[in-house]
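Subject: Two-chain model, handover and findings

Hello,

Here is the structure I promised you. Please load it first, then read the notes below it.

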Amino acid sequence: MSKILFNNQLTKSIYEIGVEGSFEGAMGQFYMVRAWEDYPVLSRPLSIHDLENDKIVFLYRVCGEGTRIISNKKPGDEISLEGPYGNGFPMVKGRIALVGGGLGTAPLRFAAKTLWNSHPERLDIYLGYSDEDINSNRFSSFADSIRIDIGGFVTEMLNPSDYDVIFTCGPEPMMEAVARKAKSAKAKVFVSMEKRMACGIGACLVCTCSTKNGNRKTCKDGPVFDGEDVFFDEL
Amino acid sequence: MSCSKVDFGNLSFKNPVVMASGTYGFGKEYGEIYDASKLGGISTKGITLEERAGNKGIRIWETPSGIMNSVGLENPGVEGFLENEENYLSKLDTRIIVNVSGSRIEDYVETVNRIEKTSFDIVELNISCPNVKSGGMAFGTNADSAYGIVREIRKSTRKMLMVKLSPNAGDIAEIASACVSAGADAISLINTIQAMAVDIYSRKIIFDNTYAGLSGPAVRPIALRMVHQVAKAVDVPIMGMGGITNGADAISFIMAGASCVQVGTANFMDLRAGTRIVDEIEAFMDRENVKSLSEIRGIL
């Protein structure tokens with residue numbers, strides 16, 4: 001068990017929780033988070049939003065019983081984290097765009113920080129929100145430019161031919177649009193998928209993602225996949 | 001510390017705790033978390049003759065004190081299993097149970113034939129999967145069809161043949177008796193209970209396959225009752241399962257007549273549930289001065 005440092009409400013339903021400890025993890029990886037004993041049965045997979053020497057941060061939306069319990073936890077309370085799990089974003093160079101939608105911006109924050117520290121040729125960030133800006137200020141130190149869309153389609157601002165690599169996470173139609181737009185350009189797209197998970201380690205096959213290479217485990221082979229490989233229409 | 005070694009037919013298990021099919025894969029992933037040799041055994045993910053991609057759509061849904069799954073037997077097929085998993089599993093110092101499923105009796109027979117040459121100890125015949133459109137549970141909810149499939153498969157294997165029963169049968173004790181008369185060496189129960197969930201806003205059923213299988217603590221009292229009924233009806237050893245999450249749950253199944261227990265959904269609540277339950281069983285034995293689990297098996 002680890003100690004909660006802060007659990008701040010950012011919007012009506014979105015929270016940012018910080019947990020004390022020296023955690024490991026790469027951009028795009030996640031932890032299975034549990035703030036209760038037996039029920040709900042399943043832990044909640046949350047991607048790494050930020051990682052420092054002495055703490056880890058997650059961004060989450062209250063959308064069910066589990067996240068409601070997490071949101072009620074106070075600084076000093078304990079929480080269980082298992083991980084890091086999954087196959088995250090690759091370390092890349094060149095001109096990079098990060099395209100996030102809503103809570104899909106969560107893993108991109110840690111990706112932005114990691115990439116920025118590796119001095120890429122260019123790092124532009126595109127953030128789309130349905131009704132309010134959740135966290136664009138968290139990206140400001142780690143980007144050459146940040147473009148924000150509220151209520152529209154963030155993908156319309158993106159010109160894939162400006163980039164070598166694009167990382168995207170958000171609603172599946174948004175990621176599909178990014179992958180489709182990038183196909184005619186030469187940009188390589190990596191998508192971070194979200195699926196309901198149970199074990200989190202690749203044993204139970206409930207988080208299957210349909211790809212050109214057959215079924216893949218979102219928790220272990222993903223959550224980050226090559227954007228060209230995922231069959232969005234079968235999701 | 002007490003020793004929770006148990007006999008299961010003519011096989012000895014170092015303890016009665018077996019990981020249930022479908023929740024433990026083929027052991028590799030959990031092997032990175034703890035040493036499987038601490039377990040009594042592992043029942044593999046269900047194997048079919050041909051590779052299967054499983055069901056589309058949502059595969060897991062939470063309920064109060066439980067989960068519903070609709071994986072639909074995604075598996076690499078028996079050849080893929082033998083090629084990629086046999087070597088790893090055969091090196092583990094624990095009993096390996098191969099869970100076998102299928103749509104047609106001939107497929108079950110062929111799958112069992114191919115497993116016959118392995119070193120694995122037990123074939124667990126899954127005639128109770130609620131998540132496939134043909135075969136599966138259909139074999140296990142009628143005494144005559146259960147008898148027929150077990151009799152055919154009995155001819156194909158000299159391994160211990162354990163039949164996994166469906167709780168969706170009318171009279172589970174009758175099905176168990178039919179399986180034993182057909183040559184089953186052991187019975188495991190219960191598979192998941194057929195269940196359903198609805199998204200009231202989209203006005204649609206959650207699962208593409210319409211129904212799914214309910215497991216976890218929500219089903220435990222029903223599973224316990226069924227294990228008790230089957231233990232009264234047959235003379236072969238029983239592996240009881242259904243929502244076992246701790247040592248006390250396991251002991252209650254043993255008192256109801258199970259020789260071993262399987263742990264499934266609890267692996268998702270606690271990745272180390274298997275070894276923890278072994279420790280809790282042995283702590284109970286210490287506290288209650290139980291020298292062997294045979295002293296308390298089937299006492300109810």
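Two residues are in contact if their C-beta atoms, placed from the backbone, lie within 7 Å. Keep that cut-off in mind for the interface. The model is predicted.

**Chain A against chain B**

By that criterion, 26 residues of chain B are in contact with 18 residues of chain A. Which elements of chain B give two or more residues to this side? They are α1 (28-31), β5 (60-63), β6 (66-69) and α9 (266-269). By class, the side of chain B that touches chain A holds 10 nonpolar, 11 polar and 5 charged residues.

**Domains of chain A**

Contacts between them involve 19 residues of domain 1 and 19 residues of domain 2. On the domain 1 side, β3 (30-34), β4 (44-47), β5 (50-52), β6 (55-61) and β7 (78-85) of chain A each supply at least two residues. That side of domain 1 divides into 11 nonpolar, 5 polar and 3 charged residues.

**The sheet in chain A**

Chain A has an open sheet of 6 strands. The strand order is β10-β9-β8-β11-β12-β15, and the pairing is mixed. Which strands stand at the edges? They are β10 (145-150) and β15 (224-226) of chain A. Each has a single partner strand, so one side of each is left without a neighbour in the sheet. On average, neighbouring strands of this sheet are turned by 20 degrees against each other, direction ignored.

Within the sheet, β8 (residues 95-101) and β9 (residues 122-129) of chain A pair in the parallel sense, over 7 bridges. In one of these strands, β9(A), A:Leu127 is the bridge partner of A:Gly100.

Two helices of chain A lie across this sheet's strands. Helix α2 (residues 105-116) lies across β8, β9, β11 (165-169) and β12 (188-192) of chain A. Helix α2 of chain A runs at about 160 degrees to β8(A). Helix α3 (residues 172-184) of chain A also lies across β8, β9, β11 and β12 of chain A. Its angle to β12(A) is about 170 degrees.

**Strand β7 of chain B**

Is strand β7 (residues 95-100) of chain B enclosed or open? 6 of its 6 residues are buried, so β7(B) is largely enclosed by the rest of the structure. In a regular strand the side chains alternate between the two faces of the sheet. Both faces of β7(B) are covered. B:Arg95, B:Ile97 and B:Asn99 are buried on one side, and B:Ile96, B:Val98 and B:Val100 are buried on the other.

β7(B) pairs with two strands named here. Strand β4 (residues 41-43) of chain B runs parallel to β7(B), joined by 3 bridges. There, B:Gly41 has B:Arg95 as its bridge partner. Strand β8 (residues 122-126) of chain B also pairs with β7(B) in the parallel sense, over 4 bridges. In that pair, B:Asn99 stands opposite B:Glu124.

**Nonpolar core**

The largest nonpolar core has 173 residues. Which of them touch the most other members? They are B:Met162, B:Ile187, B:Val227 and B:Val261. Domain 1 and domain 2 of chain A both give residues to this core, so it lies between them.

Best wishes

Technical notes:
Residues are numbered from 1 along each chain as its sequence is written. Chains are lettered from A and ligands numbered from 1 in the order in which they are written. This is a predicted model: local features need pLDDT of at least 70, side-chain atom pairs count only at pLDDT 80 or more; totals for chains, interfaces and linings use all residues. Ala, Val, Leu, Ile, Met, Phe, Trp, Tyr, Cys and Pro count as nonpolar, Asp, Glu, Lys and Arg as charged, and the others, Gly among them, as polar. A nonpolar core is a set of buried Ala, Val, Leu, Ile, Met, Phe, Trp, Tyr and Cys residues joined through C-beta atoms within 7 Å. A residue is buried if 20 or more other C-beta atoms lie within 10 Å of its own, exposed if 12 or fewer, and partly exposed in between; C-beta atoms are placed from the backbone. Domain bounds come from an automatic or database domain assignment. Two strands pair if DSSP finds at least two bridges between them. Axes are lines fitted to C-alpha atoms, for helices over the stretch in contact, and angles run from 0 to 180 degrees between N-to-C directions.
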